[in-house]
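Have the structure open while you read.

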Amino acid sequence: MKFYPLTFVPILKERIWGGTKLKTYLNKDIVSQTTGESWEISTVPGDISVVRSGALSGKNINDLIAMYPEEILGTTVISRFGKQFPLLFKFIDAKEDLSIQLHPNDALAKERHNSFGKTEMWYVMQADEAARLVVGFKKDSNSVEYLDHVQRKKVVDLLEMHPVQKGDVFFLETGTIHAIGAGVVVAEIQQTSDITYRIYDWDRVDADGNARELHTDLALEAINYNTTPSKINYTETPNSTSTVVDCSYFKTNIIALQDYLHWKKSKDAFTVFMCTNGQFELVFNGEIMHYQMGDTLLIPAVIDHLTLKGKATLLEISI
């Protein structure tokens, strides 16, 4: 089998808070006015990504991993996660505020849901004027103070609001209360998990007058009540990789591509590129492939070098 960089059919998600920027800004083939998420690479049960083009077109990622585990994942990934793809990649368009929520750690998620926890990061791709993110507490809190504010629908008073602009990065450890604010488009990188505890939804109701479920009791034990730094400062170097986040679940670099980069890696693990700005060409085995903002590529572990050309900003994610 001749392996090549893989792209997948986006899995589009309707959300009460979604909009149309996934189409107007990221060229996704949405058909509604309330599309909130594009799952770019997923192995969440019920939402398994399917290869979009090339010789492997139509095959889903789990089948590929079953057939070619070392070639796709790499030995480093297999040693830690077995034949499971450990990350989930999304683009998110928040026309309205997302619910205020948090995610459990690995231990709680395993015990309660037989799932991974959900450590994640956001890269802000676009932000309207005065847009903000909700991340963490303003000051250290506790379960008593928190629950009192929840019951009085005043939990927002405890939380830190961060004005944001294009290029901002936030790292969200499990247990961190957070929400994407209205007018923000983000690239999200996370553990493979869809476990979310919703604690406040801005008193919203759907077209039938129904409010979404809250998970107040589940959240109490999962919350980190201490303030933790979440916004990441980083620098970009033209035609090079700059580390932004390096945690136990993933490492994310930024590539500020200005003309070309001869890119290399080991064959021990896969890499994913998310294009957050611009356009670029990828040259591999004599073939030239074209990509643009909003494209996400899986570089199988067996591929250890290629050339990038163009003017673009890429998130480079590995294990």
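In this predicted model, D97 has a relative accessible area of 18%. Buried means under 20%, so D97 counts as buried. You'll find D97 in the loop between β5 (87–94) and β6 (100–102).

What does the side chain of D97 reach? One partner is the side chain of R132, joined to D97 by a polar contact; another is the backbone nitrogen of A182.

| From | To | Distance |
|---|---|---|
| D97 side chain | R132 side chain | 2.8 Å |
| D97 side chain | A182 backbone nitrogen | 2.8 Å |
| N142 side-chain oxygen | V144 backbone nitrogen | 3.1 Å |

Setting aside neighbours within four places in sequence, D97 is in contact with W17, R132, I180, G181, A182, W202 and R204.

Now for helix α6, which spans residues 143–151. Its buried residues are Y146, H149 and V150. Why do they sit on the same side of α6? They cover an arc of only 105 degrees around the axis, so they share one side. There's a handy rule behind this kind of pattern: an α-helix has 3.6 residues a turn, so residues three or four places apart point the same way.

What do the buried residues of α6 pack against? Their partners are β8 (132–137), β13 (197–200) and α7 (216–222). On the face turned away from the buried side, α6 carries the exposed residues V144 and Q151.

Finally, the two ends. N142 caps the N-terminal end of α6, while K153, just after the helix, takes a positive phi of about 55 degrees.

Note on methods
Residues are numbered from 1 along each chain as its sequence is written. This is a predicted model: local features need pLDDT of at least 70, side-chain atom pairs count only at pLDDT 80 or more; totals for chains, interfaces and linings use all residues. Side-chain values use heavy atoms; hydrogens and water are left out. Helices (H or I, at least four residues) and strands (E, at least two) are DSSP runs, numbered from the N terminus. Buried means under 20% relative accessible area, exposed over 50%, partly exposed in between (1.4 Å probe, protein chains only). A polar contact is a pair of N or O atoms within 3.5 Å; within protein, one must be able to donate a hydrogen and the other to accept it, and residues adjacent in sequence count only if both atoms are side-chain atoms. Contact means heavy atoms within 4.5 Å. The arc is that of the directions from the helix axis to the C-beta atoms.
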